[in-house]
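Biologist: Please take me through the features of this model one at a time, giving the general idea before the particular case.

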Amino acid sequence: VANNFISDVAAVGSATLLNNGYGININAAGAGGYRIYYNSINLNTNQTSGTTAAMIVNAGVTAPGALDIRNNIFANTQTAGATRYAFYSAAAATVYSPFNYNNYFSTGSVGFLGGAQATLGDWQTATGQNAQSLAVDPLFVSPTDLHLTAGSPMLNVGTPLTEVTTDIDGDSRPQGAGVDIGADELLGATPTPTPTATPTATPTA
């Protein structure tokens with residue numbers, strides 16, 4: 001599953017976990033061998049109750065190393081109603097390998113695994129992975145146009161994957177250092193540098 005833009009997903013809201021809005025839902029008992037690469041997900045439409053997440057993996061997924069999840073943007077920017085996560089895992093941490101180089105951006109908790117994981121550090125501890133992952137605003141062009149802007153922190157911080165050589169627009173992805181996280185490879189762009197103060201010269205008499 002690669003190079004997808006997914007946005008504007010919501011449901012009525014339900015106490016039943018599966019009856020809610022998610023960007024990607026892995027719900028096959030005994031599922032394994034899935035590779036989730038270079039997707040950009042933004043849940044931007046409020047759901048009034050229940051639980052929402054950019055991606056959910058259900059408890060029926062039990063095989064060790066069943067899911068390889070890298071270079072994805074999981075964003076949940078809903079602002080009211082549901083309990084919000086970037087990533088919800090009802091499955092154990094052992095089903096993920098590798099699980100890294102993702103961005104988890106949420107107006108609620110970063111993730112759920114055994115309980116709500118509020119911060120990226122909590123998520124890294126719960127998963128035992130995600131050392132190179134981030135939890136920052138990806139700076140999309142708009143809530144539904146998930147191309148990256150020139151100042152996005154997603155630029156040049158992914159890991160190259162030989163299975164995916166182009167992005168959602170057909171642009172080539174670098175096969176070395178400098179690949180972007182998410183479905184959009186913003187060619188020729190570099191992150192905006194942090195401004196520094198320029199000293200003002202003291203006039204001479």
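Modeller: Let us start with R173, which at 5% relative accessibility counts as buried, where buried means under 20% relative accessible area, exposed over 50% and partly exposed in between, with a 1.4 Å probe and protein chains only. This is a predicted model, in which local features need pLDDT of at least 70 and side-chain atom pairs count only at pLDDT 80 or more, while totals for chains, interfaces and linings use all residues. Residues are numbered from 1 along each chain as its sequence is written, and side-chain values use heavy atoms, with hydrogens and water left out.

Biologist: Which residue forms a salt bridge with R173?

Modeller: A salt bridge is a side-chain nitrogen of Lys or Arg within 4 Å of a carboxyl oxygen of Asp or Glu. R173 has E185 as its partner, the closest N and O atoms being 3.0 Å apart, and the two residues, 12 apart, are both in the segment after α1. E185 is buried as well, with a relative accessible area of 3%.

Biologist: How many salt bridges does this rule count?

Modeller: The count comes to 3, and another of them joins R35 to E163 at 3.5 Å, N to O. This pair links distant parts of the chain, with R35 in strand β3 and E163 in the segment after α1, 128 residues apart. R35 counts as partly exposed at 45% relative accessibility, and E163 as partly exposed at 44%.

Biologist: In what order do the strands of the sheet lie?

Modeller: Strands of a sheet pair through backbone hydrogen bonds, either parallel or antiparallel. Here strands (E, at least two residues) and helices (H or I, at least four) are DSSP runs numbered from the N terminus, and two strands pair if DSSP finds at least two bridges between them. The open sheet has 5 strands in the order β2-β5-β8-β11-β12, with mixed pairing. β2 and β12 stand at the edges with a single partner strand each, so one side of each is left without a neighbour in the sheet. Between β5 and β8, which run parallel, there are 7 bridges, and M55 has F87 in β8 as its bridge partner.

Biologist: Which residues have the most contacts inside the largest nonpolar core?

Modeller: A nonpolar core is a set of buried Ala, Val, Leu, Ile, Met, Phe, Trp, Tyr and Cys residues joined through side-chain atoms within 4.5 Å. The largest one has 25 residues, and those with the most contacts inside it are F87 and Y96. β5 gives the most to this core, with 3 residues. Counting contact as heavy atoms within 4.5 Å, Y96 touches residues including V57, L67, F87 and L113.

Key
Lists of a residue's contacts leave out its neighbours within four places in sequence.
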